[in-house]
Amino acid sequence: DWTMKAQQRADEYLVKLPDSKVLTVADKTETEEAVRSVLPIREEPVSFDEALESFCSSVGDHMLMREGHPGYFAYVPGNSLYPSALGDFLAAAFNPYAMVNYACPAAVEMQHSLIRWVAGLFGYPEGCAGNLTSGGTVGNLIAMATARDAKNLQAKDYHRCVVYVSDLTHDGIGKVLHTIGMGEAVQRKIPVNEQFGMDPEQLAEAIEKDTKEGFIPVAIVATTGTTDVGSVDPIADIADVAEKYDVWLHVDACYGGFFVLCDTAKHLFKGVERTDSFTCDPHKGLFVPFGAGLVMVRDRKRLLTSNRRNPVSTLQDRDSVARHLNPEDLTFEQSTHFRAVRVWLPLQVFGVGTFRAALQEKLYLSQYLYHQLKAIPGLLVVEPQLSIVLFRYEDVPAGADVVDFNKRLLDHICRDGRVFIASTTVLGNFYLRACVFAFRTHREHVDLLISTLKDSLKQLLS
């Protein structure tokens with residue numbers, strides 16, 4: 001009865017989602033009432049109906065931004081494939097401990113089968129290893145900790161260590177370095193080229209200069225799909241530099257990684273097979289709910305050295321001989337949710353081809369959006385490499401400020417809540433930004449964005 005009631009409320013929400021507002025302007029009083037309506041923890045129980053109503057009327061009815069909405073073009077849209085929710089339900093109900101073979105070897109195999117599949121997409125060798133994580137930040141953390149340990153670094157030298165990033169590398173790398181104790185390390189920003197990719201020549205020059213000045217080049221963090229622009233660093237050229245100077249090369253493919261499935265984008269990932277590690281997020285490119293990332297390390301011995309658990313006496317009676325590596329030896333985590341099912345189940349019931357088609361559609365839609373926006377007089381548009389389109393209106397009225405005008409334009413576009421875009425500043429330039437990434441987004445929703453933009457411009461210029 002509880003399951004059916006929860007399913008009914010979820011079904012009602014998802015059916016209404018496409019016709020609801022993607023963005024709601026917060027009413028302070030209403031928001032405070034929603035927050036207060038969350039039931040507190042009490043000594044005595046309440047009915048399931050009361051608890052379910054509390055969730056739906058507070059959280060469900062008062063999301064200011066609705067992830068998975070077809071009009072959601074801001075940030076990197078989240079998604080919520082229904083089979084993933086069922087997978088989470090099964091994982092929680094059965095609750096296998098999937099971190100060691102002796103507890104549930106089939107659960108471990110399910111996880112490793114996903115890892116092998118992703119490794120194959122990027123051309124990684126047999127000797128690689130990886131793990132599912134809560135997201136890109138944790139994946140990047142595991143990769144950076146492995147790079148640190150591979151260099152046999154000591155804390156007294158952290159202030160001399162250098163991690164090379166571009167102007168567009170995700171700011172989460174700084175958080176990661178702080179968390180693994182390397183907050184003192186230098187983050188050397190390498191300029192980007194006209195395509196917004198890291199400049200390999202300037203990277204090589206920076207490494208040579210740092211080496212001569214007594215610094216320790218530790219790692220290069222390249223990106224296939226920057227969050228701001230969707231640009232792709234020239235991985236093969238950067239790999240040449242990394243190999244020449246013996247520097248760990250990590251690729252953040254959290255947003256863009258699964259576009260490797262698409263024939264029109266596959267060439268952008270050339271060179272990833274030569275890297276030391278990479279991350280990609282199923283909760284982005286495979287449209288599953290938040291909480292599913294993945295990290296891969298080319299040399300499994302490196303990953304094991306950095307994460308393997310020393311046996312404790314409470315586990316001394318367990319068989320240490322296993323068919324697979326224990327997932328707990330490939331991450332700093334030990335007790336985790338069984339994440340594999342939320343990714344495995346959708347892949348099973350839809351097939352990889354469905355995901356390839358959906359991702360290819362997003363690439364086509366971003367090109368369609370680009371060409372439609374280019375046809376609007378006064379609009380500067382940046383051609384997308386993946387599914388992010390940057391633009392701004394430059395033919396502003398005399399005396400008006402371009403940035404202020406575009407901020408007003410952004411407000412007009414999002415005002416009625418049918419579409420939601422955001423802004424970004426890239427290399428000092430302000431842009432409006434549309435990311436075509438929700439699986440429910442199709443041409444009619446892109447057309448709605450375009451018509452809303454045109455109407456907003458007309459109102460502002462009249």
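Which residues of helix α12 (residues 340–350) are buried? Hi everyone, let me start there. The buried ones are Ala-340, Val-341, Arg-342, Val-343, Leu-345, Pro-346 and Leu-347. Buried here means under 20% relative accessible area, exposed means over 50%, and partly exposed is in between, with a 1.4 Å probe and protein chains only. Helices are DSSP runs of H or I with at least four residues, strands are runs of E with at least two, and both are numbered from the N terminus.

A quick word on the model. It is a predicted one, where local features need pLDDT of at least 70, side-chain atom pairs count only at pLDDT 80 or more, and totals for chains, interfaces and linings use all residues. Residues are numbered from 1 along each chain as its sequence is written, and side-chain values use heavy atoms, with hydrogens and water left out.

Back to α12. Its buried residues are covered by elements including α4 (82–94), α5 (105–122), β1 (129–133), α10 (282–285) and α13 (352–374); contact means heavy atoms within 4.5 Å. Just after α12 comes Gly-351, with a positive phi of about 80°. Then how do α12 and α13 pack? Their axes are 6 Å apart, at an angle of about 95°, which makes α12 roughly perpendicular to α13. On the α12 side, the contact uses Pro-346, Leu-347 and Phe-350, and on the α13 side Val-352, Thr-354 and Phe-355. Axes are lines fitted to C-alpha atoms, for helices over the stretch in contact, and angles run from 0 to 180 degrees between N-to-C directions. Under 35 degrees counts as roughly parallel, over 145 as roughly antiparallel, 65 to 115 as roughly perpendicular, and the rest as oblique.

Now two other helix pairs. Helix α8 (residues 200–212) packs on helix α9 (residues 235–245) at about 15°, with axes 9 Å apart, so the two are roughly parallel. Residues Pro-200, Leu-203, Ala-204, Ile-207 and Glu-208 of α8 meet Asp-237, Ile-238, Val-241, Lys-244 and Tyr-245 of α9.

From α1, Trp-2, Lys-5, Ala-6 and Arg-9 meet Phe-48, Asp-49, Leu-52, Glu-53 and Cys-56 of α3.

In the loop between α1 (2–16) and α2 (28–36) you'll find Asp-27. Is Asp-27 buried or partly exposed? Partly exposed, because its relative accessibility is 41%. The Asp-27 side chain reaches the backbone nitrogen of Glu-30 at 2.8 Å. That is a polar contact: N or O atoms within 3.5 Å, where within protein one must be able to donate a hydrogen and the other to accept it, and residues adjacent in sequence count only if both atoms are side-chain atoms.

Ser-387, in the loop between β8 (379–382) and β9 (388–393), is buried at 0% relative accessible area. Its side chain makes a polar contact of 2.6 Å with that of Tyr-255.

Last, the cysteines. How many disulfides does the structure hold? The count is 0, a disulfide being a pair of cysteine sulfur atoms within 2.5 Å. For Cys-280, the nearest cysteine sulfur belongs to Cys-254, 7.4 Å away. Cys-280 is buried, because its relative accessibility is 0%. Thanks, everyone!
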